[in-house]
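This briefing walks through one protein chain, topic by topic. Keep the sequence and the 3D view at hand while reading.

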Amino acid sequence: MNELQLERYSRQILLPNFDIEGQQKLMNARVMVIGLGGLGNIASCYLAAAGVGHLTLIDDDVVELSNLARQVLYKQDDVGVAKAQAAKTQIAQMNEDVKVEALLERLDETSLAQKVADYDLVLDCTDNFKIRQTVNKLCHQHKVNLVSGAAIRWEGQVQSFLFAEHSKICYQCLYPNLNDTNLNCSQSGIISPVVGSIGVLQSLDAIKILSGCGRVQHAKLRVFDGFEGIWRDINLTQDPECVICA
């Protein structure tokens with residue numbers, strides 16, 4: 001690291017259980033963020049600010065006016081612009097150390113499979129069940145760590161899968177029969193700070209996994225009730241009939 005980088009990341013480096021070694025691991029890391037809605041907005045900002053070396057942002061949608069209440073990375077002038085491109089523009093201005101790549105498309109299983117293995121970690125920030133299951137399958141197959149987040153109405157959840165170390169229990173075990181009608185914020189609504197809270201926790205888990213500092217439990221489900229202000233932790237067991245990890 002040069003002097004400017006040492007100053008930029010000085011507050012993280014000051015942590016005795018993080019230090020220069022943890023920062024260097026972040027700077028060498030490659031992270032894929034799938035979905036640049038409310039979750040991806042917040043998570044990608046913190047990863048860039050923390051110094052993750054390479055971020056690939058994937059989203060095929062464009063910014064809409066109704067997004068602006070919770071997708072705080074975007075400006076009013078971004079309405080109609082591709083989300084991944086608008087996010088890349090903003091994030092690139094935050095930290096010149098970070099290489100930011102934008103993919104303005106919805107990748108299918110074949111194209112995702114060609115990319116996932118090249119990354120240290122994937123953040124699933126989508127609201128599409130089919131994509132979630134595909135990402136889970138590919139990360140499990142290639143032993144790439146996965147941090148999955150979701151938010152709807154007043155509720156949110158986050159779950160990390162340490163597939164580089166564990167092969168048992170995956171996202172499919174949690175939701176074997178979920179469909180996209182259960183994950184539609186445009187119909188069910190969402191309160192914006194709940195999305196931000198989950199995105200922050202996704203970025204925190206990602207930073208801990210990438211740096212090797214701090215504790216992240218494989219497959220533990222953390223559920224947030226924003227209306228009541230209550231967190232619940234749920235320890236999952238493997239579905240013996242899971243088509244991915246059983």
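This is a predicted model: local features need pLDDT of at least 70, side-chain atom pairs count only at pLDDT 80 or more; totals for chains, interfaces and linings use all residues.

Which residue stands opposite L146 in β5? The residue is V122.

**Strand β5 and its partners**

- On one side, β5 pairs with β4 in the parallel sense, over 4 bridges.
- With strand β6 (residues 155–161), β5 runs antiparallel, and 7 bridges join the two.
- L146 can be followed across both pairings: V122 stands opposite L146, and L146 stands opposite F161 in β6.
- Strand β5 is mostly covered, with 8 of its 8 residues buried.
- N145, V147, G149 and A151 point one way from β5, while L146, S148, A150 and I152 point the other way. Residues on both faces are buried.

- Strand β7 (residues 221–225) and β8 run antiparallel and are joined by 5 bridges.
- The bridge partner of D225 in β8 is I230.
- Between the two strands of the hairpin there are 4 residues, and G229 takes a positive phi near 70°.

**The nonpolar cores**

- In soluble globular proteins, nonpolar side chains tend to be buried together.
- Here the largest nonpolar core has 41 residues. V31, L55 and L123 have the most contacts inside this core.
- At least two residues of this core come from each of β1 (30–34), α4 (38–50), β2 (54–58), α5 (83–94), β4 (121–124), β5 (145–152) and α10.
- Helix α10 gives the most to this core, with 8 residues.
- A second core is separate and has 24 residues, including L112, Y119, V144 and A219.

**Helices α3 and α10**

- Two packed helices are described by the angle between their axes and the distance between the axes.
- Helix α3 (residues 19–27) packs with helix α10 (residues 192–211) at an angle of about 105°, and their axes are 8 Å apart.
- Angles of 65 to 115 degrees count as roughly perpendicular, and that makes α3 roughly perpendicular to α10.
- From α3, the residues that make the contact are G22, K25 and L26; from α10, they are I207, L210 and S211.
- These residues divide into 3 nonpolar, 2 polar and 1 charged.

**Two loop residues with positive phi**

- I169 lies in the loop between β6 and α8 (171–174). The phi of I169 is near 80°, a positive value in a residue other than glycine.
- I169 counts as buried because its relative accessibility is 13%, and the cut-off for buried is under 20%.
- A219 is placed in the loop between α10 and β7. The phi of A219 is near 70°, again a positive value in a residue other than glycine.
- A219 counts as buried because its relative accessibility is 1%.

**Residue Q12**

- Helix α2 (residues 10–13) contains Q12.
- Is Q12 buried or partly exposed? At 23% relative accessibility, Q12 counts as partly exposed.
- Leaving aside neighbours within four places in sequence, Q12 is in contact with F18, D19, Q23, L26 and A50.
- Q12 and K208 are 196 residues apart along the chain, and their C-alpha atoms are separated by 12 Å.

Technical notes
Residues are numbered from 1 along each chain as its sequence is written. Side-chain values use heavy atoms; hydrogens and water are left out. Axes are lines fitted to C-alpha atoms, for helices over the stretch in contact, and angles run from 0 to 180 degrees between N-to-C directions. Angles under 35 degrees count as roughly parallel, over 145 as roughly antiparallel, 65 to 115 as roughly perpendicular and the rest as oblique. Contact means heavy atoms within 4.5 Å. Ala, Val, Leu, Ile, Met, Phe, Trp, Tyr, Cys and Pro count as nonpolar, Asp, Glu, Lys and Arg as charged, and the others, Gly among them, as polar. A nonpolar core is a set of buried Ala, Val, Leu, Ile, Met, Phe, Trp, Tyr and Cys residues joined through side-chain atoms within 4.5 Å. Buried means under 20% relative accessible area, exposed over 50%, partly exposed in between (1.4 Å probe, protein chains only). Two strands pair if DSSP finds at least two bridges between them.
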